[in-house]
Amino acid sequence: MKIGIKGISRASATATVALTAGAVLAGSVFAATAQAATPPTPTIAAKGGYVMNNGTAKTLFTKAADTRRSTGSTTKIMTAKVVLAQKNLNLDSKVTIQKAYSDYIVSKGASSAHLIVGDKVTVRQLLYGLMLPSGCDAAYALADKFGTGTSRSARVKSFIGKMNASAKSLGLKNTHFDSFDGIGNGSNYSTPRDLTKIASSAMKNSTFRTVVKTKSTKQKVTTKSGGYRYMSWSNTNTMLSSYSGAIGVKTGSGPTAKYCLVFAATRNGKTVIGTVLASTSATTRTADMKKIMDYSFKK
């Protein structure tokens, strides 16, 4: 028998080379798999963003997550949360729509649920009017109903105080409200991280979850004369129809806020929830959120 290098047979040497090559190949496949399992962090147009695992509160994505910014109508998440936290809440109690509510949206050029003065609308219906078409008239009606005081202005001030108390109870240090709907007076702000935590807390309420996942609704309300009319509302959150597993929660926009979105989705038993603030357009905020949600589901 001929002996190869250093007394190793050629057959053994060949086997060793094959083993070594196999190990290198396996190592390369493992490295490629590991690399594929960690997707690159996406770039978004929004100035701020944050996503977390709703079950574990683990952070999955951040971009200027603690920078205070105007929040637009995403403020209404807290409006709804405060209403739903009221003791002995009767969702079927009726609120008479006041002229002040319609005058307000006209003066502000605000988004509207098109509530009719004199109609009697239930609290539950007002929540749909608040969260789907982003009705600032519905927000005003709820603040007037659930604030305390002898005048409307006092009740509204009281309600906004409850919003700030709720933020404080969640331990949020970068959030402050000076309005019930996001049309602030210079001191209405939050951060992507804080807004996500507010939404996560609100989503623990079954009524809130039901409302914010609704794409459209038709509600029968009582008119001033005792008859009835139907109010039809569609959700401004188009991702409910375009993103697999979407379950909420709220859009927002404004001259200062730009385009905002708080969003949640569940896939394979995992729920992720997040926020983008100050994106450049309605289309871009949707694209931003899809990117960071896709990324977060892979983590």
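This is a predicted model: local features need pLDDT of at least 70, side-chain atom pairs count only at pLDDT 80 or more; totals for chains, interfaces and linings use all residues.
Residues are numbered from 1 along each chain as its sequence is written, and side-chain values use heavy atoms, without hydrogens and water.

Let's stay with that first pair. The axes of helix 3 (residues 99-108) and helix 5 (residues 136-146) cross at roughly 140° and come within 9 Å; helices here are DSSP runs (H or I, at least four residues), and axes are lines fitted to C-alpha atoms over the stretch in contact, with angles from 0 to 180 degrees between N-to-C directions. The crossing is right-handed, meaning that the near helix is turned clockwise from the far one by less than a right angle. Ala100, Tyr101, Tyr104 and Ile105 of helix 3 meet Cys136, Asp137, Tyr140, Ala141 and Asp144 of helix 5, contact being heavy atoms within 4.5 Å. By class, that contact has seven nonpolar, no polar and two charged residues, with Tyr and Cys counted as nonpolar and Asp as charged.

Now turn to helix 4 (residues 123-131), whose axis comes within 8 Å of that of helix 5, crossing at roughly 140°. This crossing is left-handed. Val123, Leu126, Leu127, Gly129 and Leu130 of helix 4 touch helix 5 at Ala138, Ala139, Ala141, Leu142, Lys145 and Phe146. Here the classes are nine nonpolar, one polar and one charged.

Note on methods
Helices (H or I, at least four residues) and strands (E, at least two) are DSSP runs, numbered from the N terminus.
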